[in-house]
Amino acid sequence: MGRETMSTQMKQIVLASRPDGAPTPENFRLESADMPTPGEGEVLVEVHYMSLDPYMRGRMDDAKSYAAPVPIGGKMEGGSAGKVIASNSAHLKEGDMVFGPFGWATHAVADAKMCRKLDPEQASITTSLGVLGMPGLTGWHGLMAYGKPKAGETLVVAAATGPVGSMVGQVAKSLGLRVVGIAGGADKCKTAVEHFGFDACLDHRAYDDAKALNAALKAECPKGIDIYFENVGGKVLEAVLPLMNQFGRIPICGMISWYNAGGLGEKAGGAGLTAPKLWRTILVNFLSVNGFIISNHWDRFPEFVTEMAPKVASGEIAVQEDITEGLENAPQAFINLLTGGNVGKAIVKVS
């Protein structure tokens with residue numbers, strides 16, 4: 001009684017074809033579909049904001065990985081935040097704001113147990129997609145568990161203004177480390193220093209090759225590099241490795257510069273980083289290199305939120321979001337993300 005008539009249609013973006021190299025708009029298709037109906041224990045959510053993240057590029061390939069690929073014609077996957085508009089669960093009620101695996105769509109049905117209730121009074125619901133969500137947890141967990149930061153050390157992180165890199169840099173800075181970022185563009189470097197508080201930031205696009213970037217890094221890291229938080233690979237990795245101190249640590253959560261190159265970077269070209277060179281550097285410098293996928297560490301999420309939410313609320317941890325309007329514009333925003341076209345956490349405002 002009194003409830004507005006619910007639409008019988010929703011919209012979603014599906015994978016139209018698998019990309020060969022960098023994704024193009026033709027790899028995506030905007031479709032209309034019947035509004036789903038929640039079953040027992042499920043909720044129907046109206047999506048307000050959806051996240052764009054580099055890992056989604058891997059899901060577009062039909063290749064063995066830690067998660068199954070999106071099938072052709074299947075809805076693009078991803079985390080989103082929105083409002084419960086119908087509920088068959090005792091855990092969530094109509095009107096609750098939630099985060100969940102709703103994908104690239106205006107609406108979605110999900111098991112209520114797969115949804116996390118959000119408190120808009122604590123922070124904007126968009127933070128559940130970035131600084132207080134998966135990317136923020138990735139940066140915090142990777143740094144603390146595998147970077148093992150100590151005051152006085154030097155840390156380097158690429159993609160410095162993204163949600164992972166900015167979390168890594170800000171936490172490290174608060175612990176007394178020298179923090180040097182690497183980003184694509186002078187404006188991003190300015191943001192890293194002035195907004196996120198990094199000690200310095202280098203524009204990797206200003207250097208023709210890894211050798212030139214290495215020389216600039218050496219000037220900013222006169223005591224060498226103790227922690228390199230790895231999320232890009234490519235030229236940056238090649239520039240950093242010779243500067244790693246003995247017993248240095250390298251947490252690895254991604255390699256975005258290679259995602260659009262077939263064969264896990266084999267087609268990237270120009271890289272002087274061979275397996276023997278990499279292995280020898282690790283060996284003779286006693287480096288600790290830890291790859292991790294954050295989905296294996298969700299048990300730490302409550303600890304992360306307890307520690308970080310008050311710091312986000314107080315402004316101690318700065319936030320920057322890059323919001324694109326309209327579900328139909330999500331493919332281009334995602335394509336831009338993979339080439340560094342965003343500044344801050346990439347988000348699409350759906351409704």
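A search of the whole structure finds ten salt bridges, a salt bridge being a side-chain nitrogen of Lys or Arg within 4 Å of a carboxyl oxygen of Asp or Glu. The structure is a predicted model, in which local features need pLDDT of at least 70 and side-chain atom pairs count only at pLDDT 80 or more, while totals for chains, interfaces and linings use all residues. Residues are numbered from 1 along each chain as its sequence is written, and side-chain values use heavy atoms, with hydrogens and water left out.

**The chain as a whole**

- The protein chain holds nine helices and 15 strands; helices (H or I, at least four residues) and strands (E, at least two) are DSSP runs, numbered from the N terminus.
- The C-alpha trace of the protein chain spans about 70 × 45 × 35 Å along its principal axes.
- Of the 351 residues, 51% count as buried. Buried means under 20% relative accessible area, exposed means over 50%, and partly exposed lies in between (1.4 Å probe, protein chains only).
- The accessible surface of the protein chain comes to about 16,100 Å², and 53% of this belongs to carbon and sulfur atoms. Accessible areas come from the Shrake-Rupley method with a 1.4 Å probe; for residues, only the protein chains shown count as cover.
- Among contacts in the protein chain with a separation of 6 or more, 67% are between residues 24 or more positions apart. A contact means heavy atoms within 4.5 Å.

**Salt bridges**

- Glu77 and Arg59 meet through their side chains in a salt bridge (2.8 Å, N to O). This pair links distant parts of the chain, with Glu77 in the loop between α1 and β4 (80-87) and Arg59 in helix α1, 18 residues apart.
- Glu77 counts as partly exposed at 33% relative accessibility, whereas Arg59 counts as buried at 15%.
- Lys173 forms a salt bridge with Asp199, and their closest N and O atoms are 2.6 Å apart. This pair also links distant parts of the chain: Lys173 lies in helix α3 (residues 163-174) and Asp199 in the loop between α4 (186-194) and β10 (200-203), 26 residues apart.
- Lys173 is partly exposed at 33% relative accessibility, and Asp199 is partly exposed with a relative accessible area of 31%.
- Arg300 and Glu303 form a salt bridge through their side chains (3.2 Å, N to O), and Glu303 counts as partly exposed at 42% relative accessibility.

**Strand β15 and its neighbours**

- Strand β15 (residues 345-349) is mostly covered, with four of its five residues buried.
- Strand β3 (residues 42-51) pairs with β15 in the antiparallel sense over three bridges, and Ser51 stands opposite Ile347 in β15. Two strands pair if DSSP finds at least two bridges between them.
- Strand β14 (residues 321-325) pairs with β15 in the parallel sense over five bridges, and Glu325 stands opposite Lys349 in β15.

**Helix α9**

- A right-handed β-α-β unit is made by β14, helix α9 (residues 330-338) and β15. A crossover is right-handed if, with the strands pointing away from the viewer, the path from the first strand over the helix to the second runs clockwise.
- Helix α9 is largely enclosed by the rest of the structure, because seven of its nine residues are buried.
- Those buried residues are Ala330, Pro331, Ala333, Phe334, Ile335, Leu337 and Leu338. The buried residues of α9 pack against β1 (9-15), β2 (28-34), β3, α1 (55-59), β14 and β15.
- Gly340 follows α9 and has a positive phi, near 75 degrees.

**Asp53**

- Asp53 is found in the loop between β3 and α1 and counts as buried at 5% relative accessibility.
- Asp53 touches Met134, Pro135, Phe334, Leu337 and Lys345, not counting residues up to four places away in sequence. Of these, Phe334 and Leu337 are among the buried residues of α9.
- The C-alpha atoms of Asp53 and Ala346 are separated by 7.2 Å, although the two are 293 residues apart along the chain.
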